[in-house]
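Here's a friendly walk through one protein model. Take a look at the sequence and the 3D view first, then read on.

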Amino acid sequence: MLETLRRIVQDVSAAPDLPSALAVTVNRIRDAMRVAACTVYLVDEDNREYVLMATAGLNPQAIGQIRLDRQQGLIGLVAERQEPLNLEDAPHHPRFYPVREVEEDAYHAFLGVPLIQYRRVLGVLTVQHTTIRLFQASEVDFLVTIAAQLASTLNHAILSGATQELLNPLTIGTRALQGVAGASGIAIGAVTVPHLLADLDDVPDRPALDPAMEEAAFHAAIAAVEQEVREASEQLTPLLPPTEQALFTVYRMMLSSDTLLRDTLERIRAGSWAPAAWRDAIRSRVRLLEQAEDPYLSARAEDIRDLGRRVLHRLRAQPAQASEPITERCVLVAEEMSVAHLAAVPSDQLAGIVCLRGSALSHVALLARAMGIPAVLGLGDRPLGRFEGSTIIVDGYQGRVYLNPDATMRKEYQQLIAAEAELTAELRSLREQAAMTRDGYRIPLYAKAGLLTDIAMVTDSGADGVGLYRTEFAFMVRESFPSEDEQHQIYQQMLTAFSPRPVVMRTLDIGGDKTLPYFNIEENNPFLGWRGMRFTLDHPDIFLTQLRAMLRANAGVDNLRILFPMITTVEEVDEALRLLERALQELREEGWSVTRPEIGVMIEIPSAAWQAGQLAQRVDFLSVGTNDLTQYLLAVDRDNARVAGLYDNLHPSMLKAIAYIIAEGHRASRPVNLCGEMAADPGAAVLLLGMGVDSLSAGAVSVPKVKWAIRSFTLAEAHELACRALLLATAKEVRQLLNDALRQVGLGEIVREYA
Ligand code: PEP
Ligand code: MG
């Protein structure tokens with residue numbers, strides 16, 4: 001059974017498009033199970049129907065024609081029950097629904113299994129036979145296993161829009177591709193796919209601007225991979241069994257294979273750029289090997305693909321062809337987006353950001369929010385080439401994008417953009433006003449910053465200072481660790497720009513999804529690994545350099561506060577404070593006139609939350625990092641689109657944890673700031689105010705809206721809201737409570753974003 005399954009899966013993945021993949025599936029299953037018919041129905045969400053999409057055995061004319069209402073027939077029943085339905089004589093079942101076009105009366109035995117992926121029914125797979133009999137347990141197992149594989153393929157096709165094109169060919173262009181909201185706002189622009197090519201299938205077609213350079217880059221990439229393989233083979237051969245050692249020989253043979261190299265070079269000379277030429281040469285080789293009946297040869301197809309990726313990776317590292325200059329307002333679309341990438345595009349030309357990976361709390365989302373650029377993330381696996389050359393609407397509120405929208409859709413979104421610009425202009429009038437409740441309680445409202453380019457936006461937002469300056473971003477856009485002098489210069493600009501308002505500088509917080517291009521950290525669980533303070537305490541050289549640069553920059557300005565990220569234990573704080581004293585002493589000995597700034601600890605790990613009081617006693621303030629605290633408290637990767645639905649900082653456990661941290665901070669007479677994204681959500685900001693938080697740090701773009709919300713409530717109302725929220729059992733109820741409260745005070749306009 002395994003071998004048959006493997007073969008079917010292999011044939012399906014080799015199919016050039018979805019209709020062929022479905023046709024191959026039903027034919028192979030019919031042959032393997034020796035049944036009279038095998039059929040696939042797919043769900044058409046738009047029309048709430050199941051559509052017959054492929055059949056081996058029933059009338060082929062019925063493909064695309066037969067549409068069953070969701071409640072109709074045995075297909076509807078399988079989908080409803082979400083489990084296999086095994087009937088010896090289907091026409092006698094009360095739910096049997098005769099469809100004239102397929103003449104199913106002749107079939108008696110029926111087995112239907114749902115195609116389910118991530119709790120969603122995508123369709124139904126059936127087999128039928130002319131005799132009256134029940135299918136055996138092994139047959140049911142077989143079909144269920146195939147259905148699981150098929151559902152995963154179909155999910156990919158659904159995400160890429162392929163099924164929708166099949167089901168409703170005319171609606172493409174008005175149909176949304178659903179992801180998650182990364183940064184609010186709406187943008188319309190031309191797609192630009194940066195050269196971050198993750199896989200061969202994502203390589204877009206491009207002409208070679210200079211074929212000779214493309215050829216040279218290709219030869220260099222092959223040579224680099226040859227060396228890589230040679231070195232790996234020298235290191236690993238003594239440790240590997242002979243069968244595994246043979247792999248290196250296979251790689252070397254492939255790399256020197258005349259046909260593979262010649263094929264690529266011919267394609268380059270015919271006008272293709274090197275990555276696409278290599279992609280096609282690899283693909284044709286893979287196809288040949290997969291067609292071979294010999295299991296040894298078909299296993300080589302995977303080796304070829306692996307080799308393909310390695311060479312592609314090298315080609316990426318030394319692109320021969322510079323990216324075309326970005327001339328009009330564009331939407332960057334990539335699988336993953338690096339900070340360097342964003343920084344490379346002039347901000348006045350960047351209209352929106354779309355990432356196939358990531359979720360609302362990925363750092364690219366935070367950065368997009370800080371820059372005020374609408375972003376949609378987590379669209380899932382889709383071929384990037386499909387986006388190239390399109391116009392795209394990015395709806396950062398709903399987490400959707402529309403490719404090549406029609407005129408009506410475009411107009412609708414243009415109106416929304418205009419309405420939003422109007423609201424922003426209205427909120428500008430609050431710039432000079434304080435974040436003060438209706439009864440006169442003033443809460444400091446700070447902004448967040450990451451790059452020097454943020455200075456203008458933060459100043460413009462009317463914030464009371466910088467509540468979180470993420471120093472790692474300056475490290476991420478460079479090619480090596482910045483020197484003390486370089487850092488000093490950056491920090492000094494930041495401090496003087498806001499003096500006398502405070503600037504909270506967080507020490508380097510790399511690791512997790514924030515990696516440095518020049519310092520590779522490979523870990524199985526990076527979010528649970530060498531992050532933030534754990535890294536810097538292991539590298540006192542890097543930590544001391546940064547502290548010295550900060551302290552020097554503060555000399556004479558005196559508005560610096562330092563914040564330690566990712567604190568897990570009290571000992572880490574003690575050690576960091578010891579190093580701070582050392583930096584101060586060293587600098588004084590060198591003749592600098594430096595003072596000890598206020599020091600804070602980030603509470604973003606549950607262990608720190610439950611020791612908030614003991615931590616607070618050692619420092620001057622606490623700052624709650626709800627982005628990470630949510631991830632660690634709820635055990636939901638902040639960067640994983642699959643579980644994005646579970647990630648919610650309004651989860652009742654989060655509210656209880658925050659309330660505890662505030663109480664413990666206050667017991668130690670220390671102020672508690674909140675610097676996670678939660679502070680940028682106007683409803684949550686009012687809730688936090690009511691819970692007693694002493695200051696908030698929101699993204700610069702959100703500062704006016706948060707201020708607007710705070711100015712619309714009294715402290716007593718906010719407090720009452722907090723008391724009620726703390727009694728609720730679900731995040732949804734909390735959201736509802738906050739939205740109702742916002743509507744009641746006339747802030748319905750911002751509720752839409754936080755639905
Ligand atoms: C947080 O975790 O809430 C936070 C502010 O830090 P970052 O998002 O940079 O990890
Ligand atoms: Mg954090």
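Two strands count as paired if DSSP finds at least two bridges between them. Helices (H or I, at least four residues) and strands (E, at least two) are DSSP runs, numbered from the N terminus.

## Before you start

This is a predicted model, so local features need pLDDT of at least 70 and side-chain atom pairs count only at pLDDT 80 or more, while totals for chains, interfaces and linings use all residues. Residues are numbered from 1 along each chain as its sequence is written, chains are lettered from A and ligands numbered from 1 in the order in which they are written, and side-chain values use heavy atoms, leaving out hydrogens and water.

Let's begin with an open sheet of eight strands, in the order 7-14-13-9-10-11-12-8, where the pairing is mixed. Its edges are strand 7 (176-178) and strand 8 (180-183), each of which pairs on one side only. On average, neighbouring strands here are turned by 30 degrees against each other, direction ignored. Angles like this run from 0 to 180 degrees between N-to-C directions, and the axes are lines fitted to C-alpha atoms, for helices over the stretch in contact.

Now zoom in on one pair: strand 11 (residues 350-355) and strand 12 (residues 375-377) are parallel and share two bridges. In strand 12, Ala375 is the bridge partner of Ile353. Helix 12 packs on this sheet and touches strand 8, strand 11 and strand 12, with its direction at about 50 degrees to that of strand 8; contact here means heavy atoms within 4.5 Å. Helix 13 (residues 407-428) packs on the sheet too, touching strand 9 (186-192), strand 13 (391-395) and strand 14 (400-403), and makes about 125 degrees with the direction of strand 9.

## The barrel

Next up is a closed barrel: eight strands running 15-16-17-18-19-20-21-22, with parallel pairing. Its neighbouring strands are turned by 30 degrees against each other on average, direction ignored.

Strand 20 (residues 621-624) and strand 21 (residues 672-674) run parallel, joined by three bridges. Opposite Val624 you'll find Leu674 in strand 21. Helix 23 (residues 652-667) packs on the sheet against strand 19 (598-603), strand 20 and strand 21, pointing at about 150 degrees to strand 21.

## Around ligand 1

What surrounds ligand 1? There are 17 residues, and the closest are Arg470, Arg506, Gly625, Asn627 and Arg638; a residue is near a molecule if one of its heavy atoms lies within 4 Å of it. By type, the shell splits into four nonpolar, five polar and eight charged residues. Helix 12 (363-371), strand 16 (466-470) and helix 22 (626-634) each supply at least two of the shell residues, and helix 22 gives the most, with three.

A polar side-chain atom of Arg470 sits 2.7 Å from one, a backbone N or O atom of Asn627 lies 2.8 Å from one, and a polar side-chain atom of Asp628 is 3.0 Å from one. The protein covers 100% of the 290 Å² of accessible area that ligand 1 has on its own, with areas taken from the Shrake-Rupley method with a 1.4 Å probe.

Most residues other than glycine have a negative phi, and most peptide bonds are trans. Asn404 has a positive phi of about 45 degrees although it is not a glycine, and this residue is in the loop between strand 14 and helix 13. The bond from Ser499 to Pro500 is cis, with omega near 5 degrees; Pro500 lies in the loop between helix 16 (484-498) and strand 17 (503-506).

Key: Polar contact = N/O pair within 3.5 Å; in protein donor to acceptor, adjacent residues only side chain to side chain. Nonpolar A, V, L, I, M, F, W, Y, C, P; charged D, E, K, R; others polar.
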